[in-house]
Protein chains: 2
Amino acid sequence: MKKLINDPSRVVDESVEGFGLAHADLVAVHTDPIFVSRAGGARQGKVGLVSGGGSGHEPLHAGFVGLGMLDAAVPGAMFTSPTPDAIAPATVAANGGAGVLHIVKNYTGDVLNFETAAELADADGIEVRSVIVNDDVAVEDSLYTAGRRGVAGTVAVEKIAGAAAERGDDLAAVTAIAERVNANVRSMGVALSACTVPHAGVPSFELTEAEIEIGIGIHGEPGRRRIPMAPADEITEMLTTPVIEDLGIGGSDQVLLLVNGMGGTPLSELYVVYRTARRILEGRGATVARSLVGNYVTSLEMQGCSVTVLRLDDELTTLWDAPVHTAALRW
Amino acid sequence: MKKLINDPSRVVDESVEGFGLAHADLVAVHTDPIFVSRAGGARQGKVGLVSGGGSGHEPLHAGFVGLGMLDAAVPGAMFTSPTPDAIAPATVAANGGAGVLHIVKNYTGDVLNFETAAELADADGIEVRSVIVNDDVAVEDSLYTAGRRGVAGTVAVEKIAGAAAERGDDLAAVTAIAERVNANVRSMGVALSACTVPHAGVPSFELTEAEIEIGIGIHGEPGRRRIPMAPADEITEMLTTPVIEDLGIGGSDQVLLLVNGMGGTPLSELYVVYRTARRILEGRGATVARSLVGNYVTSLEMQGCSVTVLRLDDELTTLWDAPVHTAALRW
């Protein structure tokens, strides 16, 4: 294992500390327990948004803390759910008196720990709702998950719900928007290589030089099938078609297309995949109205990508376009 | 070799086509010869900025075309200089009547081909100047290079010269600003793994599981030495100290610190390196006034990073802070 780290047990602390130093204009980093909140604290009267999950998926979630997106993010250990004792103070930090929405990717540990933290916050008089993101069409149930996994669609939920909170929607309305995004977003990924969690020291699974895994999870969980390496257009078809069919994308749909890198894939390859995914969508009559291409929900140094499609409506488009100022997403 | 490509001979064309589709609001993609220019064309009266080089370093350069940065970018084949017959029309496209600055990384092929293109443009009545970026302190002379190589410091040259052009500086002034940035910026990189050029099909060099290359070039050119894998803090010291000493960074200096990923390194690791590089700079009394952390000048899927330091003055800081709206850099 070759990694730019000092000590596997310190990598999250040191990385988040570096993140806080680099982005002191945007975020404040809290230690013991570790969480990241907006510099300047919660805006009074605004619904607070909190997300989090295991580390190793950067820039998710800390990279999305800032104006128009999250109020706080809670990084767990690598590929390990954050604990309630970290989520609870993050919830307090995000509270501006209008309640807090937890945005939780659908992994059993995350769901349980956010639930416990919500109870703790409720005991402190903070109203908390939650939305469970489950956009991965690859498999029903999986390692760590009952039901579908939450993957790159989380970026769309956080961006759009964040814009709704920023414009002044109340907690029920922000929650409804987040659920509407989740209901209209689907993803599927592929791994060309595995990744190595620092404290494990060995790859989390094995792929030979000749095979890839279609439907991979962001922690290397098994997907739909292993197949021999194939051209990008064939792989893109295998990712995009299930997403389109699950969503029922058809003639008049306007969509957001996100091609997300898993961390170790060159940007040039992501644009090759984007080109083909877009053609497939357009071949179904859909219009790709918005696009995002890059590393947003990663799996350490895994090579591979995912294709995410969000069916847009006028309001979701407006909220997507609204200003955002975070370390990883800004316009 | 597992890559998300269809055909090694088509990967640049398909990738740039995808890039153009994803960012049609920002850029226009020209084919045969291939180059990327700003959507809407050159602004009359503004100095035009053109850069380019071998592909495989994305988002450099096409990701930096747009308001406040480049007017056109010319991608060559993978790790191969673009040809004069592509640079020349890009120069014409960038010309708003106030002349064009070529920003050229110091590789022999790039320098020669940009020179030839400048002569072609001059014959068309376009005044062209050029700045050669040579920020890599690792080695004097190298594979493909006489003198120092141009690496991640190029981002600072393109950003700051772009802002100078945008505010209305004339060609001599924009050229002087670009040269001032180049004179005050230094970089050094490390590779933990090699990378594979698609048409070659095999890694461009070999590193064992136990060793890393200090001072690597962005095409995998040899650096200063191979050493056993070491903790991130030691590696960061080996990159940052030569940069600081070459620049003569001392007590009252304000600097920009860029920690650049080579393409295959997790963002979490880049922040570990950032944290330590910042401490080293602060230990010398310098103030890290501006920061950038991410994948900006990559080497395909290479694992590793580079540390770049730019000595700032008030004007360079103002120009760095000026608005930029490109695919890869935006504020």
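Colleague: Which surface do the copies, chain A and chain B, meet through?

Modeller: This is a predicted model, where local features need pLDDT of at least 70, side-chain atom pairs count only at pLDDT 80 or more, and totals for chains, interfaces and linings use all residues. Residues are numbered from 1 along each chain as its sequence is written, chains are lettered from A in the order written, and side-chain values use heavy atoms, without hydrogens or water. Contact means heavy atoms within 4.5 Å. Of the interface residues of chain B, 100% are also interface residues in chain A, so the copies meet through the same surface.

Colleague: How much area do chain B and chain A bury between them?

Modeller: Buried area is the accessible area (1.4 Å probe) lost when two parts are put together, summed over both. Here 54 residues of chain B contact 54 of chain A. Carbon and sulfur atoms carry 58% of the buried area, which is about 4,500 Å².

Colleague: Which element gives the most to the side of chain B that touches chain A?

Modeller: The rule finds 8 salt bridges across this interface (side-chain nitrogen of Lys or Arg within 4 Å of a carboxyl oxygen of Asp or Glu). One of them joins B:Glu17 and A:Arg275, at 3.0 Å from N to O. Elements are DSSP runs: helices (H or I, at least four residues) and strands (E, at least two), numbered from the N terminus. With 10 residues, the top contributor is α7(B).

Colleague: Within chain A, how many salt bridges cross the interface of domain 1 and domain 2?

Modeller: An automatic or database assignment sets the domain bounds: domain 1 is 11-183 and domain 2 is 185-321. There, 37 residues of domain 1 contact 39 of domain 2. A:Arg180 pairs with A:Glu315 in a salt bridge, closest N and O atoms 2.7 Å apart. Across the domain interface, the count of salt bridges is 4.
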